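Hi,

Here is the structure I promised to pass on. Please open it and keep it beside you as you read my notes.

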Amino acid sequence: MKLSKSIWQTYKETPADAEIPSHQLMLRAGLIHKMGSGLYSYMPFAYRVLRKIEQVIREEMDRVGGQEILMNVVTPAELWQESGRWEKMGDLMLKFNDKAQRELCISPTNEEAVTDIFRKTIKSYKQLPVTVYQINTKFRDEIRPRFGMMRAREFTMKDAYSFHMSKECLDQVYDDIYRAYEEVFNRVGLKFSVVEADAGDMGGTDSKTHEFQAIAETGEDVIIYSESGQYAANLEKADTYRDNLSFNLEAQDLTEVATPDMATIEEVCNFLKQPQHHSIKSLLYTGIGIGEDLEEETILVQLLGDDELNELKLKNFLGATHVMPATEEILRSYSMPKGYIGAANLSQKIRVVFDRAIDHKAFYTTGAMKKDAHFTGFSPERDTKDFEVVDLRLAKAGDLSPDKSEKVLEKKGIEIGHIFQLGDKYTQAIGAKVLNNQGKTEYPLMGCYGIGVSRMMAAVVEQSHDENGIIWPKQLAPYDIYFALIGKSAEIHETANGIYEEMKSGGFDVLFDDRKAGPGFKFKDSDLLGLPIRVVLGERDFKESGELEIIVRSTGEKVSVKKEDLVDKLKEVFSKI
């Protein structure tokens, strides 16, 4: 490819709304073009990278028996209404009416669509298991699209779905695809961790689900992991224990203490000169969409003062579609002054839940249920009549792993893949039955397996760049070689064209910078784009020595080589990158 004929523009300045390296560099290197909020077009070089990623995914999915299909981007409301997700997906789903006033949406995911295909295609257990996948456009109407391809509204995704007659069969295919994903991410050169995840609304409570997280300081997800590697989970799923806390076990009377204008744990504990874990944090929450009737319930959550609530754990505990802090109106209805709430001798009838980290026999400081006052000497066992105990706290570095054998650490990650076991949730909802080996109808079990393809591309840039630009791994680079011509004469241009053809004949994808520009301009563009190797043909040096220069982008290593030895030397250098 000759750059003089390309549609390519680089930029010196970083766009003001580009906050992380991948977003900044992909815009500056002319890989993506912003069309609107969270909407990006792939320019030629980015699209070449994307196709290479897609090919790796296809090879690994085909290797485990996947069959590629292509489903509609637009799907009818009827399918979503059958599953009950037409309303549940909420604002993430972009809905519209066609000319006949039929309700449609731009697909944010395809469980309903693929189950509809299945129920009209597969009739017998003899046709199972079956796995289908697609690489297609998705649209989710994110409220705050940000970070470029990391959280775009329109993106490229690989989604796969498997159907099974037994849990054993589902487990086997799930494990096969788990290993296929590991191979995909290894092949594209990503550093990643596999972590336990929450099935959320996708699967049941006993469903397997794992996330594949690319390690990056700019990642939005937090990974909790043990140094030995025996345990890893995302922050929301992590099941850890507080490490050896000392509690106040000396018997005390429940005593009211004036705490004027002290509505935070930090203020009260500083005033009383005690550690924060000797206090109780009381949070009033509302669970919404509980049970078949989608009821609401208000609950009083009790945590150690220096812990934070894991809202996902609370949502799962309540079986709610979502949870939220109680409104001012609800607080008033329970006569609970914000900042001074407690569970001591409650007169109101309300469900009380203590986090498992709290020692019920110990004595704590807690809100006295009136403004500017707290209780000391609060004993959960003595001063609260009825309560439940459950793990509700948010894990953090320094906790103990689930088996309490070692401390856990934190690191940040970018979710690039997520696999679920769905059970029969969608086959039941959509009415997809097959005949089993006894001639009776049965709802098959499903698995769901996603990879964010465009997000993977951005994750590679996050992990592989320097102050000058991107450093593409050779297996993904849009081209192998950036060939820069530095010279003006017709003779050197003719020589350069011959070298260009020789490198292509030698098996290399070559980007030939034949533009009328100076060496500084070309070298900056070369570093910004980040192809694995730069070859420089400088007119003056070539006339003096008959040599060209090879520069390795990742290391800066330079090698001078004669024209006749160029292709062989390139093969040698390229094999070592």
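First, a definition: helices (H or I, at least four residues) and strands (E, at least two) are DSSP runs, numbered from the N terminus. The model is predicted, so local features need pLDDT of at least 70, side-chain atom pairs count only at pLDDT 80 or more, and totals for chains, interfaces and linings use all residues. Residues are numbered from 1 along each chain as its sequence is written, and side-chain values use heavy atoms, with hydrogens and water left out.

Start with helix α6, residues 167-187. Y181 and F185 are 4 residues apart in α6, so about one helical turn separates them. Both residues are buried (under 20% relative accessible area; over 50% is exposed, in between is partly exposed; 1.4 Å probe, protein chains only). Y181 has a relative accessible area of 1%. F185 is at 0%.

Now the rings. Phe, Tyr and Trp (its six-membered ring) pair if their centres lie within 6.5 Å; planes under 30 degrees apart are stacked, over 60 edge-to-face, the rest tilted. The whole structure has 14 aromatic pairs. In one, the centres of Y181 and F185 are 6.0 Å apart and the planes are at 85°, so this pair is edge-to-face. Y181 and F185 also belong to one aromatic cluster with Y178, F192 and F212.

Next, charges over rings (NZ of Lys or CZ of Arg within 6 Å of the ring centre and within 35 degrees of the ring normal). K411 lies over the face of Y225, 4.4 Å from the ring centre. R534 has its charged end over the ring of F523, at 4.4 Å from the centre.

Last, helix α12, residues 453-463: 11 of its 11 residues are buried.

Best wishes
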